[in-house]
Amino acid sequence: MSSGPNPLVRLEQRAAEADQIIEYLKQQVQLLKEKTVAQASVREEKRLMVENARLKRDIEALKTQLLEKERLRGGGEKQEKKPAPAPQEDATVDVSRLDMRVGRIVRAEKHPDADSLYVEQVDVGEAAPRTVVSGLVKHIPLEQMQNRMAVLLCNLKPAKMRGVVSQAMVMCASSPDKVEILDPPSGSAPGDRVIFQGFPGEPDKELNPKKKVWEQVQPDLRTDGQCVATYKGAAFEIADKGVCKAQTMSNSGIK
């Protein structure tokens with residue numbers, strides 16, 4: 001009578017089969033893990049691609065809006081743009097560039113450090129008098145400088161003269177031997193502007209010394225045969241009041 005398979009052998013066979021099944025299951029689990037990771041990566045990649053596409057669309061939309069705004073703004077500027085006025089420094093050089101006004105010399109005294117200079121306080125229609133330094137000591141007595149009307153050039157760059165800053169210049173008929181302060185017409189008031197027929201421009205706020213406007217205009221400032229102060233034949237005029245004159249000096253330069 002033959003006996004059946006040895007129980008120990010059967011157990012060993014089943015154990016081996018179990019090991020194979022376990023190994024197979026491990027492989028399947030690993031495959032599932034890898035597949036899950038791969039699927040997750042694909043999903044993330046797709047999500048990022050969608051997000052990237054959305055951002056590109058948003059950027060393009062913003063660019064379009066900005067370009068449209070620039071176009072509209074540019075169009076508006078073109079419609080509103082006006083020819084820029086020529087810079088004052090490059091404008092025509094004539095007497096209209098000079099800010100000449102009537103002034104009243106309130107007080108004059110000798111310069112403390114220069115025998116040939118007066119220091120005057122002059123009302124030119126502003127909130128406070130201007131300090132003016134003039135080399136008139138040799139030509140006009142001090143008593144004739146007090147409380148008198150004059151014509152002043154008010155837009156020269158202030159300049160220090162022997163330690164005192166001069167803020168304007170008294171206009172005078174002048175020759176090598178004689179000097180006379182120009183007189184405004186009767187009824188003139190401090191601050192009245194001197195005008196010139198045929199030269200309607202506005203004065204510079206301050207003359208640029210480098211442009212030498214005063215130096216170019218001054219040679220054409222003269223008194224005529226009736227002692228009237230002129231620029232190229234046009235009188236120094238105060239509107240509705242008359243013309244500015246020297247007392248006796250005709251056909252003389254003005255400075």
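This is a viewer tour of one protein chain, from the whole chain down to single residues.

The model is predicted, so local features need pLDDT of at least 70 and side-chain atom pairs count only at pLDDT 80 or more, while totals for chains, interfaces and linings use all residues. Residues are numbered from 1 along each chain as its sequence is written, and side-chain values use heavy atoms, leaving out hydrogens and water.

**Whole chain.** Select the C-alpha atoms of the protein chain: along the principal axes they fill a box of roughly 170 × 45 × 30 Å. The radius of gyration of the protein chain is 48 Å, whereas a compact globule of 255 residues would have one near 18 Å. This radius is taken over C-alpha atoms, and the globule rule is 2.2 Å times the number of residues to the power 0.38. Colour by secondary structure to see two helices and 16 strands; both are DSSP runs numbered from the N terminus, helices being H or I of at least four residues and strands E of at least two.

Of the 255 residues, 30% count as buried (under 20% relative accessible area, with exposed over 50% and partly exposed in between; 1.4 Å probe, protein chains only). Contacts are heavy atoms within 4.5 Å; among those between residues at least 6 apart in sequence, 65% join residues at least 24 apart.

Next, select 194-195, 237-238 and 242-243. They form an open sheet in the order β10-β14-β15, with antiparallel pairing. The edge strands are β10 (194-195) and β15 (242-243), each pairing on one side only. Two strands pair if DSSP finds at least two bridges between them; β10 and β14 (residues 237-238) have two. Zoom in on I195, which stands opposite E237 in β14.

Move to E202, in the loop between β10 and α2 (213-217). The residue is exposed, at 57% relative accessible area. Draw a C-alpha to C-alpha distance from E202 to C244: the two are 20 Å apart in space and 42 residues apart in sequence.

**Cysteines.** Stay on C244, which is buried with a relative accessible area of 0%. Then show C154, also buried, at 5%. How many disulfides are there? The count is zero, a disulfide being a pair of cysteine sulfur atoms within 2.5 Å. For C154, the closest cysteine sulfur is in C244, at 12 Å, and therefore too far for a bond. C244 is likewise in no disulfide: the nearest cysteine sulfur to it, that of C172, is 12 Å away.
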